[in-house]
Each structure stands twice: as structure tokens, then as C-alpha cells.
Amino acid sequence: MLVIQAQAMGMCFGVEDAISTAHSLKNPQDVTILGEIVHNRRVQQDLIDRGFASQSESAREELPASSSVLVTAHGISDAYRNRLQGKTIVDTTCPLVTRVHKTARRFADQGYRLVLVGKPGHVEVLGITEDHPDTVVLPSLEAVRAGLGNKLAVLAQTTTPSDLFEAVFERVKELHPGGAVEKLDTVCRPTKQRQQAIGALLKRVQALVVVGGAHSNNTLRLCEQAEKLGLPSVRVEDPSELNSEWFRGLSVVGLSAGTSTPAEAISAVYRRLLEIGRALRPQIPRGFTNKVFTSRAHS
Ligand code: SF4
């Protein structure tokens, strides 16, 4: 079975920098990580083993007991930041998320109502909506409605598919004729690179495996892209979750990963896929020469 890897995939610089900052801290036992620094069980467990405390993303009402808190790459609202006064904040907010916060503030100061294309309740989205409570969060094109206001600014959660962002903007404009509808594309560059890579990959494969956590928005979006084209996709976090039966009869499988997936997790899944391909090879009918049942070196 040929396993083709996406040209761009896996951990982005924002998440890498956040993990590296966490690892550089000398006093992890005094630090609570607000939410998941990365949507990966093994990395999360490693940080807990080092002594970090962790507070669930959904438990925002309670303040952590520790003297220091680590803000993840997803960022937090100014409102939440104010509530953390008195604590030492280790801020690993990705600069591309900070850009969204600044853009949102600028539009809001100019009297625009914010329209954010993203996932309601996602921690990055809360970073905007907690400071701008009248923000309209739209997860899909179908969710766009009329009557949102006559001065609207359309922004995107950083991991939104670019085509969805553009389509929502056009629909908002269409439903608000005569209104001022502005946009700023705040989808981050690493996300765009991964979306372009998956677009190219999906033209060449029969199914897609995406390595990433169940809470990783961009991981789920990659699966959705495959499903939109009618290709089966599966999300796994580690190789033990792969079932060889899924691949019976397939000769070309694509591999991609979310922006919070460590390189080791991708390599482990890749190796397991090759093993599965080798194990299934005897199923090829005698006399049938399938040239695509080869593997290429892992790059
Ligand atoms: S997905 Fe984009 S915005 Fe989010 S941490 Fe990575 S680079 Fe930054």
C-alpha cells in the first residue's frame, strides 16, 4: 500500500513555541496550564509528569490555585486576563492569534459588529467573544442569516478553511445589501499551507488518515475536506487506533496531521500504515501486479 504524506502537515510554530516555553520553565509545580497546550494525550501527560497542573478549558469560572498560569497558543480574552491579576502569566499566545485580537479590537472601536467564522465555544473563539459579547460566531455557510447589522466586520478563527471564510463573507454581504461589510482574512499561514497540501493530496488517494486529537479543530477540518470529496477519512491519535481492516482493498492512502500533532506521532502512524500495507499485500489476487503496493522513504 502506498502511503502518501501531505507536503505540509503537523505541528505549527505557534504550538511548538508554546511547548518549548513550557519545557523551559524551572518551576512547573507552580504553574497551571489553562486548557490544552496541545491536543495530544502524550504531550499533555508528559507536562503533567513534569509537575504542571492543568485546568480544563471549560472550567473558566474557577481561577487556578497556583501562583503562575500558562496561557496556551490559543490565547485568552482581555477580560479573562484581568481576572488573572495577581498571578504570574506565562503567555504563549501565538502571534497570529494576537493579530486576530488586535484586528477585532480595531473593528470594534470603529463601531463594527464582529462576525467570526469559527467554532462556537472553541477556546480561541472565546478569546474574542468574551471581549466582544455581541460577536456573531458562524460555524458554517448555512448558519449565515440576515439582520446581523449594518456595519459588519467578518474575521476568521485562525484554523478556518479559507474557502469557508470567503463563502461566508460573500453570503453575509449578499444578505446585507446597503450595509458596510468588511473582511480581514485571519486564517493563519500554517493552516493555509496545510489546507493547500491536503487539497493536492486528496486528488491522489483513496482514503485519508489524519493524526490529531479529538479536540483539535484543524484536525477535524482536514477530515471534513476528505469527506466533502466523498473519500473515507479516519482520525487517530496514535498507531494503536488503526484497524487494518479499514485498509483492505485500498492501494493508495494519504496521511496528514493537525497543527498540534508531534512529528513522532506522525512517524509512528506512518510506520504502522506501512506495516498494514505489507500485511494486506498477500490479499492481492495471484497474477495481479499492483505497482502502487510499494512504500517510499519517510521524509
Ligand atoms: S494554528 Fe496558526 S494561529 Fe494557531 S498556534 Fe498554530 S500558527 Fe498559531
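This is a predicted model: local features need pLDDT of at least 70, side-chain atom pairs count only at pLDDT 80 or more; totals for chains, interfaces and linings use all residues.
A residue is called buried when its relative accessible area is under 20%, exposed when that value is over 50%, and partly exposed in between. Asp185, with a relative accessible area of 24%, is therefore partly exposed.

The protein is divided into three parts: domain 1 (2–10 + 190–283), domain 2 (13–95) and domain 3 (97–187). Between domain 2 and domain 3, the C-alpha centres are 27 Å apart. At their interface, 13 residues of domain 2 are in contact with 12 residues of domain 3. The size of an interface is often given as the accessible area lost when the parts come together. For domain 2 and domain 3 the buried area is about 980 Å², and carbon and sulfur atoms give 50% of it. On the side of domain 2, the residues that lose the most area to domain 3 are Arg60, His74 and Ser77, which together account for 45% of what that side buries.

Polar pairing also features at this interface. Across it there are 8 residue pairs in polar contact and 1 salt bridge. Helix H3 (residues 78–83) supplies 3 residues, the largest share of the side of domain 2 that touches domain 3. By class, that side is made up of 6 nonpolar, 4 polar and 3 charged residues. Elsewhere in the list of charged pairs, the side chains of Asp78 and Arg105 form a salt bridge, with N to O at 3.7 Å.

Side chains of opposite charge can pair when their charged atoms come close. In this model the count comes to 14 salt bridges. One of them joins Asp238 to Arg41, with the closest N and O atoms 3.4 Å apart. Asp238 lies in the loop between strand E11 (233–236) and strand E12 (252–257), while Arg41 belongs to helix H2 (residues 41–49), so this pair ties together parts that are 197 residues apart in sequence. Asp238 is partly exposed, at 25% relative accessible area. Both residues also take part in a network of salt bridges that links Arg41, Glu237, Asp238 and Glu241.

Asp46 and Arg50 form a salt bridge whose closest N and O atoms are 3.5 Å apart; Asp46 is partly exposed at 27% relative accessibility, and Arg50 is partly exposed at 39%.

Terms used
Residues are numbered from 1 along each chain as its sequence is written. Side-chain values use heavy atoms; hydrogens and water are left out. Domain bounds come from an automatic or database domain assignment. Contact means heavy atoms within 4.5 Å. Buried area is the accessible area (1.4 Å probe) that two parts lose on being put together, summed over both. A salt bridge is a side-chain nitrogen of Lys or Arg within 4 Å of a carboxyl oxygen of Asp or Glu. A polar contact is a pair of N or O atoms within 3.5 Å; within protein, one must be able to donate a hydrogen and the other to accept it, and residues adjacent in sequence count only if both atoms are side-chain atoms. Helices (H or I, at least four residues) and strands (E, at least two) are DSSP runs, numbered from the N terminus. Ala, Val, Leu, Ile, Met, Phe, Trp, Tyr, Cys and Pro count as nonpolar, Asp, Glu, Lys and Arg as charged, and the others, Gly among them, as polar. Buried means under 20% relative accessible area, exposed over 50%, partly exposed in between (1.4 Å probe, protein chains only).
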